[in-house]
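The entries follow in the order in which I looked things up.

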Amino acid sequence: MEAKRLAAVAALGEVRDGMVVGLGTGSTADHFLIALGEALATGKLADIRGVPTSTQSERRATELGIPLTTLAECPAPDVTVDGTDEVSRDLDLIKGLGGALLREKIVAQNSRRLVIVADGSKCVDRLGTHGPLPVEVAPFAHETHESFFRKLGCAPTLRRDGGAVFVTDNGNYIYDCHFAGGIDDPAALDRALRARAGIVETGLFLRLADLALIGDETGVRTIERE
Ligand code: 5RP
């Protein structure tokens, strides 16, 4: 927990007065929201507006007194700070275990910089080795994707929340796709998935992140895009 918090607090150093900031989703991003709310309350930062990546981060930002805006009003946030489920040495990511991957990717792709905050448990040599790849799909005929996913070499599981199917902020479903031994070619997999009608978005965030701040018990190290 402390490692996540240290990384999130370090991300405040990427924020300047007057910036529009994409607000990530999840427990690590929540530490950043708390730090940002405190910086605004104490006058350390001023004139910040946030663009939430989920209804969860929208609610938390409102509770913490962070003024909000939208991509319609501010189409190019100066920086987005978000968590991740996996980060590779070359800054490619798997995101979406928190269920917010579509809005997270829309905000990230419009941001001037994407800063990732995580603890060391999220670092991988090969994407897909620590957990599944979340894939968001339209509910209509979603069962038809299962055999397609299997042909791509994974075991898909329709995400549930208790007994019911998990529904994203966008009214879609998520398949968690488990690749034994990880993903061979993330870019080719991403292309194949996104070419199929009914698949809305994947949790592969390739060449989107600019900086990762990785916390451990003693401090924060950085991975920067070359
Ligand atoms: C949500 C995400 C989160 O950033 C990811 O799941 C990391 O969450 P946490 O910081 O709680 O480990 O992608 O869709």
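I looked up Phe-148 and Phe-149 and found both buried, that is, under 20% relative accessible area, where exposed is over 50% and partly exposed lies in between (1.4 Å probe, protein chains only). The model is a predicted one, in which local features need pLDDT of at least 70, side-chain atom pairs count only at pLDDT 80 or more, and totals for chains, interfaces and linings use all residues. I note that residues are numbered from 1 along each chain as its sequence is written, and that side-chain values use heavy atoms, with hydrogens and water left out.

**Aromatic rings.** I searched the whole structure and found two aromatic pairs. Rings of Phe, Tyr and Trp (its six-membered ring) pair if their centres lie within 6.5 Å; planes under 30 degrees apart count as stacked, over 60 as edge-to-face and the rest as tilted. Phe-148 and Phe-149 form a tilted pair, 6.3 Å centre to centre with 50° between the planes. For Phe-149 and Tyr-175 I recorded ring centres 5.4 Å apart and planes at 55°, so this pair is tilted. Phe-149 lies in helix 5 and Tyr-175 in strand 11 (residues 173-178), so the pair ties together parts that are 26 residues apart in sequence. Helices (H or I, at least four residues) and strands (E, at least two) are DSSP runs, numbered from the N terminus. Tyr-175 counts as buried, at 0% relative accessibility.

**Charges over rings.** I counted a charge as over a ring if NZ of Lys or CZ of Arg is within 6 Å of the ring centre and within 35 degrees of the ring normal. Arg-196 lies over the face of Phe-148, at 4.6 Å from the ring centre. Lys-95 lies over the face of Phe-205, at 5.6 Å from the ring centre.

**Helix 6.** Which residues of helix 6 (residues 186-194) are buried? I found Pro-186, Leu-189, Asp-190 and Leu-193. Seen down the helix axis, the buried residues of helix 6 fall within an arc of 100°, so they line one face; the arc is that of the directions from the axis to the C-beta atoms.

**Nonpolar cores.** I took a core as a set of buried Ala, Val, Leu, Ile, Met, Phe, Trp, Tyr and Cys residues joined through side-chain atoms within 4.5 Å. The largest has 24 residues, and Val-15, Phe-32 and Leu-45 are among those with the most contacts inside it. Helix 2 gives the most to this core, with six residues. A second, separate core of 19 residues includes Leu-127, Val-135, Leu-189 and Leu-204.
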